Each structure stands twice: as C-alpha cells, then as structure tokens.
Amino acid sequence: MQAALPIALLVGISLLFASRRSSIRLSEVAWPIDLSDILRIGQSVMDSRNAHGDPHYGIDIFAKSGTRVRSASAGTVIRVSDGRQSNKESSKRAGLWIDIRGDDGLIYRYLHLGEAFPSVGKKVNVGDIIGVIATANTSGLANDPHLHFEIRKQDWTEVRGSYGDPIDPLSMLPVRKG
Ligand SMILES: [Zn+2]
C-alpha cells in the first residue's frame with residue numbers, strides 16, 4: 001500500500017508533463033506521404049529552384065506516381081485548381097493542386113497531383129487521402145514524380161499577389177528516421 005503513493009505521484013507528474021508538451025504544440029501535423037512510400041526529399045524551403053534564383057517555398061517529396069497524398073493537417077479545402085491546361089505560366093507550373101486551410105490557420109499546399117479527391121469546402125482530417133502524385137511531366141514542373149508541399153502563414157490575396165511567408169514543413173513535421 002505504501003508504494004502506491006509514490007507511484008501515483010510519478011504517474012501524476014508524467015501526465016502533467018505530457019499535457020504541457022501537447023499544449024505547446026500548435027497542431028497535429030503528419031507527413032502527407034506515407035513514410036514507407038517516400039523515395040527521397042528533394043529541394044527544401046528557400047532553395048533556389050532555377051537559374052533565375054526564384055525561391056522554392058516548400059519541400060519536394062519524391063515517390064512513385066500514383067502514390068497516395070494525405071492531408072498533413074485537419075482543416076478545410078479552400079482551393080482545388082487545375083493548372084494543367086492553363087495559359088497562366090504559374091498555374092501551369094503548379095499543375096493540379098489543392099490548398100487547405102488548417103484548423104491552425106496556416107495554409108497547406110499540395111502541388112503536382114494526378115488526381116484531387118476533395119472538393120472546395122470539404123473538411124479533412126489528418127491522414128485523409130486527398131489525391132495522388134501525378135505521372136512525370138503531366139502536372140506542372142515535375143519531370144520526376146513528386147509532391148511539392150508548402151506551408152504558408154497566410155492565404156493568397158489579390159492585393160499581395162502571393163501567399164504569406166513560407167514555414168519550413170520540416171520544422172513542423174515529425175522527425176523522419178532512416
Ligand atoms: Zn517543389
């Protein structure tokens with residue numbers, strides 16, 4: 001009986017720490033591609049993406065075409081855009097893409113899709129399948145199939161003509177081992 005009190009205290013203290021930790025975390029964010037499907041991670045945030053030195057605002061996650069893409073966060077689909085047939089250069093470069101406003105207020109962007117499943121206004125949870133990676137050269141600049149994944153502080157506005165500042169997804173995603 002006497003050992004029960006210290007054990008209860010220990011459990012209590014560790015629960016306290018666990019809840020503190022989770023309250024600090026902004027939101028639950030998961031990898032949009034199953035770790036077992038990831039071939040490699042390419043360019044990271046702010047790498048120069050071409051000879052013009054245009055910044056790269058996300059990370060490239062390489063996987064076979066047809067690989068399932070999952071929502072990295074809980075949120076609401078705010079945009080499903082198909083730039084594949086667009087005359088606008090920036091839309092063409094993005095291919096088929098989805099923008100999701102996370103419940104944390106951040107904008108999660110998924111580019112170079114072959115299919116996009118949810119429609120605008122749909123609520124999604126972490127891990128919901130939202131699309132698949134396109135085959136090479138069919139959905140924007142992707143001569144090697146990959147998901148271009150971005151997290152932005154604000155949505156695109158007409159006035160700014162761009163999205164808000166990028167956040168490095170690697171700073172929010174769980175550490176990937178191996
Ligand atoms: Zn990219």
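User: What makes strand 5 and strand 6 a pair?

Analyst: Five bridges join strand 5 (residues 96-102) to strand 6, and the two run antiparallel. Two strands pair if DSSP finds at least two bridges between them, so five bridges qualify. The model is predicted: local features need pLDDT of at least 70, side-chain atom pairs pLDDT 80 or more, while totals for chains, interfaces and linings use all residues. Residues are numbered from 1 along each chain as its sequence is written, and side-chain values use heavy atoms, without hydrogens and water.

User: Why is residues 107-116 called a strand?

Analyst: Strands are DSSP runs of E, at least two residues, numbered from the N terminus. Strand 6 has ten residues, so the run qualifies.

User: Which other strands pair with strand 6?

Analyst: Strand 9 (residues 146-152) does, antiparallel over five bridges. Tyrosine 110 stands opposite phenylalanine 149 there. Strand 8 (residues 129-133) pairs antiparallel over three bridges, with glutamate 115 opposite valine 132.

User: How do you know that His56, Asp60 and His148 are donors of the zinc ion?

Analyst: Donors are N, O and S atoms within 2.8 Å of the metal (3.2 Å for Na, K and Ca); water is not among the atoms, so sites may look incomplete. NE2 of His56, OD of Asp60 and ND1 of His148 lie 2.0 to 2.2 Å from the zinc ion, so they count. Aspartate 60 lies in strand 2 (residues 59-62) and histidine 148 in strand 9, so the pair ties together parts 88 residues apart in sequence.

User: Why is histidine 148 called buried?

Analyst: Its relative accessible area is 6%. Buried means under 20%, exposed over 50%, partly exposed in between (1.4 Å probe, protein chains only). Aspartate 60, at 7%, is therefore buried too.

Conventions:
Helix = DSSP H or I, 4+ residues; strand = E, 2+ residues; numbered from the N terminus.
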